[in-house]
Amino acid sequence: MRHWTFGQRIGAGFAVTMALAVVIGIVAVVALRTVVASKDRVIDVDARLLILAEELQFMRETKASEARGFLLTRDEAYLAAMRNARAQFAETVERLRQLVATDEGRRLVDSVARAEEEHQQALDQVIALRRTDAPIETVSRAFDTQVGPARQQLDRDIQSFVSREEDRLRQAELASTADATASITLVITVTVVLVLLGSVISLLLARVIGRQIGTAVGQVQSSSSELQAAANQQATGAREQATAMNEISTTISELLATSRQITESAQRVAQIAADAVRSARSGEETVETTQESIAGIRRQVDLIVTHMLELGRKSQHIGSVLDIISELAEQTNILAINATIEAAGAGDAGRRFAIVADEIRKLADRVAGSTKEIRSLIDDVRSAVNTTVMATETGSKAVDAGSKQFGQVTASLKQIAGLIATTTEAAREIELSTKQQATAVEQVNVAIANVAQASRETEASSSQTLQTASQLAGLSKDLLRLVQPQAAA
Amino acid sequence: MNGDQRSIASKAAELRQAFDRSFARAADADRPPSEDLLAIRVGGDAFAVRFAEVAGVFVDCKLAPLPGSAPQLIELTALKGRVLPVYDLGALLGYPAAAAARSWLVAAGAPVALAFDRFDGHLRVAREAVTPRRSADANQPFVDEAVRTERLIRPIIRVASVVEAIESLARRARPAE
């Protein structure tokens, strides 16, 4: 029992109390049953006997009244009602015989039955007289002389029985009252005893529990002080944590904004890179088209060079022909000069020949001049051809260089397109990663907001805990004062 | 038709007209007194030779080299059944020996041919254009006149003096033989 808990001890106390209450209840029930049985017997037997006796008196009067009705009217219906009333009288007498338990009672009932029989016999004689043509005065005297004494005897027997039953009822009531009084006394006695016993048990239980509760309350008081200190520290920590969480939340919000900006920038970079890829591909196509055009230009330049070289060769041929013409002109000129010299040597005879020779010489001079001009023109043409060939060769080299450069440009554009595609992919990955990061940051922000909220709630809870600890300390003191006043003092 | 073609056409017409005029003009039409000269190049300088001192002009004729002779005598040629010595006119005039003189002339009245660098053509100038040189030049011993043309002044080589110089050279070389 020393190691019982408070609940077990209080439960045991309540169990004892309940057992005492059950004992009280059993005693009360037994007492009540005794009282009830006594009362039932008074009500079911004595009172019923008295009522039946009263009914006997009523039925005797009913039977006499019906008989007088016949005697007055000679109506058979009154006789039937009289017989019915007599049957009920007999039935009531029979029920009385069953209920009466004493010899005295049975003797009185037999006496009533005999008196009723005698009364009926007297009444039957008068009724028979009435059926005759006897005068009413005769019937009336016969009724007074024969039926009157029988009726008085019957009334006396019924009254004796009633008086006896009334005495028995009073005696039964007194006995029942005595039983009730005894039961009340018993219940009060048992109750007092059990209350005293319960009080002793309660006092013992209160002392034991109070001592243990006092010890526990002391521990609770100590613990509540420690809890108060811990709650103070927890509230301070929660407050600092809430402040830190707010700062972290602000930082995370800025980080989220930065992530969104990075996402938007990455989207723009991806868009620009996609545009650049399209531009690079367009440029690549343009460069390829230009390269084809350059190849066509190269073919045309080669054709021009071929034609120019052919033109140079033809010019060279013309020059050769002109050399021949020039030489012929020179020889003609020489011949004309020699002819002029010969004509001058011939004197007057050669004058006319000298004129012809002079004309020939002039013509040769003019031919020589023309050939010089033609040669100059041919030289100009050849120079122009050479210049053109050189220019076209330079142009061809430039076209080759341009073609190579365009090839390099094409390769560079392809490389640029590849790099831009890589950049686009990287930008999209950055965009996706940044979106995931933003989502994660949002989740972190939400989690931090929740943590901040939890910190605030913890702070509030800590404050409440502190308040509760303070109240608990106060309550511990109050409880200790209630349990152990000397210790609390 | 552009400008060049028009110029060529007009020049052809002009030549045609001049050629036709030569037949239409009278043979003894009055002409101012003139001098006929040969314009030649010697050592890169321009010279002139009178028609009257020349028996003929030849260009790119076959020549036979003549080694071991005088430095002025460079080759031999055959002309109209005669073998003629060809002298370097530039060497005679005091120029350094030329690589190859392809033109030459035959002096009138002497069996000698003179080679020069280039034949420029025939000059017919007014007689007033021929002027004597004021002072003799030691570097050009065979020149005592000059002719003024439109672009330059050509000294006139006196072929007779050149022939005399050749003959003098020949006389100096003969005793050695």
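Mentor: Two strands pair if DSSP finds at least two bridges between them. Helices (H or I, at least four residues) and strands (E, at least two) are DSSP runs, numbered from the N terminus. This is a predicted model, where local features need pLDDT of at least 70, side-chain atom pairs count only at pLDDT 80 or more, and totals for chains, interfaces and linings use all residues. Residues are numbered from 1 along each chain as its sequence is written, while chains are lettered from A and ligands numbered from 1 in the order in which they are written.

Trainee: In which sense do E1(B) and E2(B) pair?

Mentor: Strands of a sheet pair through backbone hydrogen bonds, either parallel or antiparallel. Strand E2 of chain B covers residues 45–50, and six bridges tie E1(B) to E2(B). One of these joins Val42(B) to Asp45(B). The sense of the pairing is antiparallel.

Trainee: Which residue in the turn of the hairpin of E1(B) and E2(B) has a positive phi?

Mentor: E1(B) and E2(B) form a hairpin, and two residues lie between the strands. Look in that turn for a phi of about 55 degrees. The residue is Gly43(B).

Trainee: Does Asp36(B) count as buried, exposed or partly exposed, and which is it?

Mentor: Asp36(B) sits in strand E1 of chain B. A residue is buried if 20 or more other C-beta atoms lie within 10 Å of its own, exposed if 12 or fewer, and partly exposed in between, with C-beta atoms placed from the backbone. Asp36(B) has 19 C-beta neighbours inside 10 Å, so the class is partly exposed.

Trainee: Which residue of chain A does Asp36(B) touch?

Mentor: Leave out residues up to four places away in sequence. Contact here means that two C-beta atoms, placed from the backbone, lie within 7 Å. Within chain B, Asp36(B) touches Phe51(B), His122(B) and Arg124(B).

Trainee: Which strand gives the most to the side of chain B that touches chain A?

Mentor: On that side, 16 residues of chain B meet 15 residues of chain A. Helix H1 (3–24), strand E1 (34–42), strand E3 (54–59) and strand E9 (118–126) of chain B each supply at least two residues. The top giver, with six residues, is E3(B).

Trainee: How many nonpolar residues has the side of chain B that touches chain A?

Mentor: Ala, Val, Leu, Ile, Met, Phe, Trp, Tyr, Cys and Pro count as nonpolar, Asp, Glu, Lys and Arg as charged, and the others, Gly among them, as polar. This side has four polar residues and one charged residue. The nonpolar count is 11.

Trainee: Which are the edge strands of the open sheet?

Mentor: The open sheet has six strands with mixed pairing, in the order E9-E1-E2-E12-E11-E10 (chain B). E2(B) runs parallel to strand E12 (residues 153–157) of chain B, joined by two bridges. E10(B) runs antiparallel to strand E11 (residues 143–148) of chain B, joined by three bridges. The edge strands, each pairing on one side only, are E9 and E10 (130–132) of chain B.

Trainee: How many helices has chain A?

Mentor: Chain A has zero strands. From the N terminus on, its elements run α-α-α-α-α-α. The number of helices is six.

Trainee: Are H2(A) and H3(A) roughly parallel or roughly antiparallel to each other, and which is it?

Mentor: H2 (residues 76–99) and H3 (residues 103–131) of chain A pack at about 165 degrees, with their axes 10 Å apart. Axes are lines fitted to C-alpha atoms, for helices over the stretch in contact, and angles run from 0 to 180 degrees between N-to-C directions. Angles under 35 degrees count as roughly parallel, over 145 as roughly antiparallel, 65 to 115 as roughly perpendicular and the rest as oblique. H2(A) and H3(A) are therefore roughly antiparallel.

Trainee: How many charged residues has the contact of H2(A) with H3(A)?

Mentor: H2(A) brings Arg86(A), Phe89(A), Val93(A), Leu96(A) and Arg97(A). H3(A) brings Arg106(A), Val109(A), Val112(A), Ala113(A), Glu116(A) and Gln120(A). Six residues of this contact are nonpolar and one is polar. The charged count is four.
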